[in-house]
Structures are given as structure tokens and as C-alpha cells.
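This report goes through the two chains one at a time and then turns to the contact between them.

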Amino acid sequence: MTGRAKTVGQVIAVAAVVGLLALLGWKLAFGDGSGAAGALAGGDNPVAPDFTLPRIDAEGGELRFSSLKGKAVVVNFWASWCIPCKDEAPELQKTYERYRNQGLVVLGVDAKDFRQDGKRFLERFGLTYPVVDDGRGSTLGKWGVRGFPETFFVNREGRLVGEVIEGGIDLERNRERYAEGIRLALGDSK
Amino acid sequence: MIRLVVAAVATLVLVGSAGAAGRPVQADLEAEIVCPTCKTTLDQSNAPIAVRMKIYIRDRIAAGDSAGEIKAQLVDQFGPGVLAEPPKRGFDLLAWLLPIGAVVIGAVVVGALALTWSRRRDAATDHEEPDLDPEIERRLDMELERFEE
């Protein structure tokens, strides 16, 4: 091999190694996959990630999350095949009915699911709050959803507050944090 | 009689093969579709959504849908990540072409290196000159002369 070819080969090899190291560094610094939930757990109140998805509730059409700014929002990620999601659904409906006059919206995100199954789920449990279809799971990474169900609280400024509730909101261990999340989302300082 | 039997067997084989080509096979589709929550193919998963997708595939086959139609429906619902193999079109085509390109480039590089080394060795052989001590060379000439006599 000529000296020049050898030098070019060495430069390419070094560039490849540097590139891989840079990728690794970027992944460690920014790609932990914890999304907004990770920032919230770290003590921040990040802006809730925006999305536009088709609705599967009776209203139809599309829903852009940022259009809910000015309202308190309980965002519930679920799927029809998830058993705890069935258990908590009536509680979410009760929350919607109880607080909607105070400007609170419950928003369901049906993820990794058949939309027809999602629609049947709404009918079965008599859910009337807005629900969007995210079969591709495009929102999960940005929000930092790790499983179903998971529930987030967004205040009137569009920022995440409280704690992310992993598992059903109807579970005893989650009841207090659920009530606290609603209180913070509504901006109730009591 | 023999002709009749041969014709019957040939007809059965043809009908069977035509059916296999046209009607999707559940097991084949389960090996080509990925469970969206566990990221393994459906035939390797018992996750709730994987079980639901298997039922969906079974129902669509019964309804007469082709394999392509069933895959398209699942991609529409869950996105292209649901396919175990990326489609051979658009940007996804790169996933197929890049490995082939890498092999071709690798072969070209190895070939070029082999050619370079081969030429260098030939050149070195052509220009090789014995580096003998003058005394040894003189003795060698003498021995050769004696040998020729």
C-alpha cells in the first residue's frame, strides 16, 4: 500500500471511531428515552409535548394538544388490551364529569392499539371525554411513557405538574397522587 | 387407467399449489409482522397486543384479504415499524442497498489492495540483485568454470 493510501485509510478509520464516540456521547446526554416524564421527575415542569392525532370519540376530527392551553388536562395513555386500563376507565369518566365545569379536560391517548378496539372500549365503558388514536405510539417517547396505563397532569399554562402515575389511578397507592395532580393542574393553591 | 390416475394427481398438485400461492398463510404472516410492544415477531410473542394481532390476521385471511392487504392494514394502524423486513421502496430501500453496497465496496478495496501488493512484489522481484561478497563471487565463477570443464 502506498503511503498516501495508508494515510487516507487511517484518517477514515479515525473519523469512523470519532463519529461512533460522538453518537455514544449524544445518546448518553440526550437519548435516555425518559422524555417529558424524566424532566418532571428531575424537578422541572416541562412544556407538555404537542401532538395532533385523530379522535376516536363521538366528536371525530383531529385534536391538537396545544389547542387545550388554558385548560387543566389529565392525559391518560391506555390501550384496550390493557387490563388495568379497564379498571380505571370509570374513575377517569367520573373525574371528567366532576371537574369539567372548572375547566379540566380528561384526554385519553389510545396507543399501540386497533382503533376499532379503542372505539368499542369507549362504548363499553361509556366514556365521553376526548380520546385520540396513536396506534403508532408516536407520542410515547416524547412524553416518556413506559407502560400502560400512565397518567400525566398538565396545568393551564401547558406545563406538566405533579407526578406521573404509573398503573391504574384507581389503585390505593395512586389515589392521593392522583388527587394532588388534579389540584395542581387546576392551579388550586389550597 | 394409469393416464387417468396421473391426470388426477397432476390436477390435485396444481390446485394445491395455486391455493398455497394465492391464500396467505397465518404462520408466514406471523413471522413477518412485529409485535409493537415487545418488538419480536408475532410468532415469538404472547403479549396481549400480539395475541390480538394474530386474531386480526386470522379474521382477515378468513375474509379473503391477501397478504399484502393485511400488511398494509397493519402498517396503516401501527406504522411501518410493524414489518419485520423494511419495504423495498423509497427511503427504506436503503436498508437493502447499503449492505450490498458495503459488500461491493469491500470487495473492490480488497481487490485493489491485492493488486497493489502483487505489483509491489513483482517489482521487488524484478529489481532484486544478489548482494554477494566479491571473494565469494570469484570462487563461484571458478567453480562454475571447473564444472564446465
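## Chain A: burial and fold

Of the 190 residues of chain A, 35% count as buried. The model is a predicted one. Chain A contains six helices and seven strands, and along the sequence these follow the pattern α-α-β-β-β-α-β-α-β-α-β-β-α. Among the contacts in chain A with a separation of 6 or more, 67% join residues 24 or more positions apart.

## Chain A: domains and dimensions

Chain A is split into domain 1, residues 1-31, and domain 2, residues 35-186. Between the C-alpha centres of these two domains of chain A the distance is 44 Å.

The overall dimensions of chain A can be set beside those of a globule. A compact globule of 190 residues would have a radius of gyration near 16 Å, whereas the value for chain A is 21 Å. Along the principal axes, the C-alpha atoms of chain A fill a box of roughly 80 × 40 × 30 Å.

## The nonpolar core

The largest nonpolar core consists of 58 residues. A:Val74, A:Phe153, A:Val154, A:Leu160 and A:Ala185 have the most contacts inside this core. Strand β3 of chain A (residues 72-78) supplies the largest share of the core, six residues.

Which residues does A:Val154 contact, leaving aside its neighbours within four places in sequence? They are A:Ala48, A:Ala72, A:Val73, A:Val75, A:Arg159, A:Leu160 and A:Ala185.

## Chain B: an all-helix pattern

The secondary structure of chain B comes to six helices and zero strands, which reads along the sequence as α-α-α-α-α-α. Of the 149 residues of chain B, 13% count as buried. Residues 24 or more positions apart make up 42% of the contacts in chain B with a separation of 6 or more.

Helix α6 of chain B covers residues 134-148.

## Contact between the chains

How many residues of chain B are in contact with chain A? There are 11, and they meet eight residues of chain A. On the side of chain B that touches chain A, the elements giving two or more residues are α3 (48-62), α4 (67-78) and α5 (93-126) of chain B. The largest share, four residues, comes from α3(B). By class, this side of chain B has six nonpolar, four polar and one charged residues.

Conventions: Residues are numbered from 1 along each chain as its sequence is written. Chains are lettered from A and ligands numbered from 1 in the order in which they are written. This is a predicted model: local features need pLDDT of at least 70, side-chain atom pairs count only at pLDDT 80 or more; totals for chains, interfaces and linings use all residues. Two residues are in contact if their C-beta atoms, placed from the backbone, lie within 7 Å. Ala, Val, Leu, Ile, Met, Phe, Trp, Tyr, Cys and Pro count as nonpolar, Asp, Glu, Lys and Arg as charged, and the others, Gly among them, as polar. The expected span of a helix is 1.5 Å times one less than its number of residues. A nonpolar core is a set of buried Ala, Val, Leu, Ile, Met, Phe, Trp, Tyr and Cys residues joined through C-beta atoms within 7 Å. A residue is buried if 20 or more other C-beta atoms lie within 10 Å of its own, exposed if 12 or fewer, and partly exposed in between; C-beta atoms are placed from the backbone. Domain bounds come from an automatic or database domain assignment. The radius of gyration is taken over C-alpha atoms; the globule rule is 2.2 Å times the number of residues to the power 0.38.
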